[in-house]
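I opened a new notebook page for this model. The entries below follow the order in which I looked things up.

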Amino acid sequence: MEPDPVWDEDSYEETVETLSGLDENVVFKVWGGDWCKDCRSQLPAFGAALKAADVSEDRIEHYPTEKEDDGSKTGLGVEGYDIEYIPTVVVEDSETGEELARFVEDAEVPIAVALADDLADLETTA
């Protein structure tokens, strides 16, 4: 999930602000694989957004995922988190284990934007 060097932080100012304002106990669990076209196209921009938001590496957990012949996914945490499609990113409170937001495979907006929107909605309803 090497950050995309040409990602434009200024174009995603609200997203970066939301991600940088999260509590230190919020972690990002990322399932993906080098073999996955969606992962290769989406995760570098997500990595750049996390970097721009100064999210420390110890709050980002990577879970390499493989695909079986039947299309099912295997790897650490796949069963426990019901991972069917990748990339999947779960945002979780590390103290309570509560899932705060989830991105699965694709959306009409980048991963960081989708998660930041969900997390901003969470904060306004809390």
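I began with charges, counting Lys and Arg as positive and Asp and Glu as negative, with His and the chain ends not counted. I placed each charge at NZ of Lys, CZ of Arg, CG of Asp or CD of Glu. On that basis the chain has 8 positive and 35 negative charges, and their mean positions lie 8 Å apart.

Source notes. The model is predicted, so local features need pLDDT of at least 70 and side-chain atom pairs count only at pLDDT 80 or more, while totals for chains, interfaces and linings use all residues. I number residues from 1 along each chain as its sequence is written, and side-chain values use heavy atoms, with hydrogens and water left out.

Fold. I took helices (H or I, at least four residues) and strands (E, at least two) as DSSP runs, numbered from the N terminus. I found three helices and six strands in the chain. Their order along the sequence is α-β-α-β-β-β-β-β-α.

Overall size. I took the radius of gyration over C-alpha atoms, and the globule rule as 2.2 Å times the number of residues to the power 0.38. For 126 residues a compact globule would have a radius near 14 Å, and the chain agrees, because its own value is 14 Å. Along the principal axes, the C-alpha atoms fill a box of roughly 40 × 35 × 25 Å.

Surface and contacts. I used Shrake-Rupley accessible areas with a 1.4 Å probe; for residues, only the protein chains shown count as cover. The chain exposes about 7,400 Å², of which carbon and sulfur atoms supply 43%. I called a residue buried under 20% relative accessible area, exposed over 50%, and partly exposed in between (1.4 Å probe, protein chains only). Buried residues account for 42% of the 126. With contact meaning heavy atoms within 4.5 Å, I looked at pairs at least 6 apart in sequence: 64% of these contacts join residues at least 24 apart.

Helix α1. In residues 13-20 I noted T15, V16, T18 and L19 as buried. They are on the same side of α1, because they cover an arc of only 160° around the axis (directions from the helix axis to the C-beta atoms). E13, E14 and E17 are exposed on the other side.

T15. This α1 residue has a relative accessible area of 7% and is buried. Beyond its neighbours within four places in sequence, T15 contacts A112, V113 and A116.

D4. I found D4 in the segment before α1, partly exposed at 27% relative accessible area. Not counting residues up to four places away in sequence, D4 touches P44, A45 and A48. D4 and A48 are 44 residues apart in sequence, yet 5.5 Å apart in space, C-alpha to C-alpha.
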